[in-house]
Amino acid sequence: MLGLSARSVAASARVAGLRRSTAVRFQSTKGVIETLAEVIPERQEIAKKLRAEHGDKSLGDIKVENVFGGMRGLKVMLWEPSVLDANEGIRFWGKTIPECQEVLPKAPGGSQMLPESMLFFLLTSKVPSQAQADQFVKELAERSQISPELEKVIDSFPKTLHPMTQFCMAVAALNHDSKFAKAYAAGMKKSEYWKSTAEDVLDLSAKVWPIAARIYRNVYMDGGKNAPALDMSKDLAWNFANQIGHGDNNGFIEVIRLYNAIHTDHEGGNVSAHTIHLVGSALSDPFLAYSAGLAGLAGPLHGLANQEVLRFILDMQKQVGNNPSPEQVKDYIWSVLKSGRVIPGYGHAVLRKPDPRFMALQQFAANDPEVSQSPVFKLVNAMFEVAPGVLTEHGKTKNPFPNVDAGSGMLLYHYGLTQFEFYTVIFGISRAMASAQLVWDRAYGLPIERPKSMSIDGLKKFLGA
């Protein structure tokens, strides 16, 4: 509440109270598919009108630098559930992360919004009531069970195979039971594509949790066959934590809920989300599209960054100790930069402010006395206080502020998940919910994505150079 007057704080509290009381009064029990069936026709009409009346208007010029620079900043995709603003950060259907934390339902006794609530919201644009969220938790729990055949596939992977590779292969195998693939083969109408796609997205978003848990147990524990059975009365994060041996750790369960709710979607241009959209545009089913997105997430410039940050922090700890002065932290950062290396977890392709996802995780850590006193959290916090100034002075980073990776690994590490290679799998679990965009792609009837490419000689000829 920094910078707010007492009057504005009180007003915010009244609005929050109104939201909560409204949610209590209107306990809708409509499911996701029924809600989508109401929402989609309205937005289809909006899209149709925009294209008809404004299809010839320009959204900007394409420069040679865009061709060489990874198409950065070009407005060339339709992406509904989230929009990333350089200064405001991410918004899901217009709501910031703090607003989502305020209005999205939580688990009984929990303090963090449920990933299931976020998925309902991403899919439908509607904030679910507590009754809808409770119903959705049960539905996804039932959908989360994986077949004995898939369990055998996962158990056949060698322990030495990277967990992300195992994850990609396992979720691709879910294609065996794709409702969209079967309906498409049977000859469904194009206007019906979104329905079976939504069914697959729900199955995918539920099944990734026990798939990831089985991979974890096979690689780091006593094998997936010994995992506790799923509890159909519990949410996905609770069951995941329980299956990997953290069912009695409430702090870890709450972190997993928050982590997966805020990592779901981050606009469509990032590698994993864009890949899901691109592969899905060929009408590949959501399981195959998501598997392709995971392959992109596994790259060190994308989802792999969270483990690189934690390694960096632990290496710094060896050099400066547990309670370094700001000057020691500053000197260490400069030594890294002068060696030609970068500071992992700082900078972002779009953001020009601290990542709201980082701030949400930092706030979670600060509110837990045990975490806030841990040496690793103190070092992450010290970096946050010192690094932006150093990077600004260094002058080679457009955004000197932390992104989500700067703090996410620290929380997983604190609560006992010390296997760095698995961190990206947890990121990947949440990114399954970005597949919600595939429902909207098909509701709007978007075509296969096929941008025009150019060769160097073609560019020279075009430019007269």
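The dialogue below sets values against definitions.

Tutor: This is a predicted model, in which local features need pLDDT of at least 70 and side-chain atom pairs count only at pLDDT 80 or more, while totals for chains, interfaces and linings use all residues. Residues are numbered from 1 along each chain as its sequence is written, and side-chain values use heavy atoms, with hydrogens and water left out.

Student: What makes up the secondary structure, and how many helices and strands are there?

Tutor: The protein has 23 helices and two strands. Helices (H or I, at least four residues) and strands (E, at least two) are DSSP runs, numbered from the N terminus.

Student: Why is the protein called as compact as a globular protein of its length?

Tutor: The radius of gyration is taken over C-alpha atoms, and the globule rule is 2.2 Å times the number of residues to the power 0.38. For 465 residues the rule gives 23 Å, and the radius of gyration of the protein is 23 Å, so the protein is as compact as a globular protein of that length. Along the principal axes, the C-alpha atoms fill a box of roughly 65 × 65 × 60 Å.

Student: Why is Trp-93 called buried, and why is Met-71 called partly exposed?

Tutor: Buried means under 20% relative accessible area, exposed over 50%, and partly exposed in between (1.4 Å probe, protein chains only). Trp-93 has a relative accessible area of 18%, so Trp-93 is buried. Met-71 has 43%, so Met-71 is partly exposed. Of the 465 residues of the protein, 49% count as buried.

Student: What can be said of phi at Met-71 and at Trp-93?

Tutor: Phi of Met-71 is near 60 degrees, a positive value in a residue other than glycine; Met-71 sits in the loop between helix 3 (64–68) and strand 1 (82–85). For Trp-93, also not a glycine, phi is positive, near 45 degrees, and the loop in question runs between strand 2 (89–92) and helix 4 (97–103).

Student: Why does His-302 count as buried, and which residues does His-302 touch?

Tutor: The relative accessibility of His-302 is 15%, so His-302 counts as buried. His-302 lies in the loop between helix 14 (286–297) and helix 15 (305–320). Contact means heavy atoms within 4.5 Å; not counting residues up to four places away in sequence, the partners of His-302 include Asn-270, Val-271, Asp-405 and Arg-431. Val-271 is 31 residues from His-302 in sequence, with 7.3 Å from C-alpha to C-alpha.

Student: What makes the pair of Trp-209 and Phe-240 edge-to-face?

Tutor: Rings of Phe, Tyr and Trp (its six-membered ring) pair if their centres lie within 6.5 Å; planes under 30 degrees apart count as stacked, over 60 as edge-to-face and the rest as tilted. By this rule the count comes to 15 aromatic pairs. Trp-209 and Phe-240 are 5.8 Å apart centre to centre, with 75 degrees between the planes, and form an edge-to-face pair. The pair links distant parts of the chain, with Trp-209 in helix 10 (residues 193–220) and Phe-240 in helix 11 (residues 236–243). Both Trp-209 and Phe-240 are buried.
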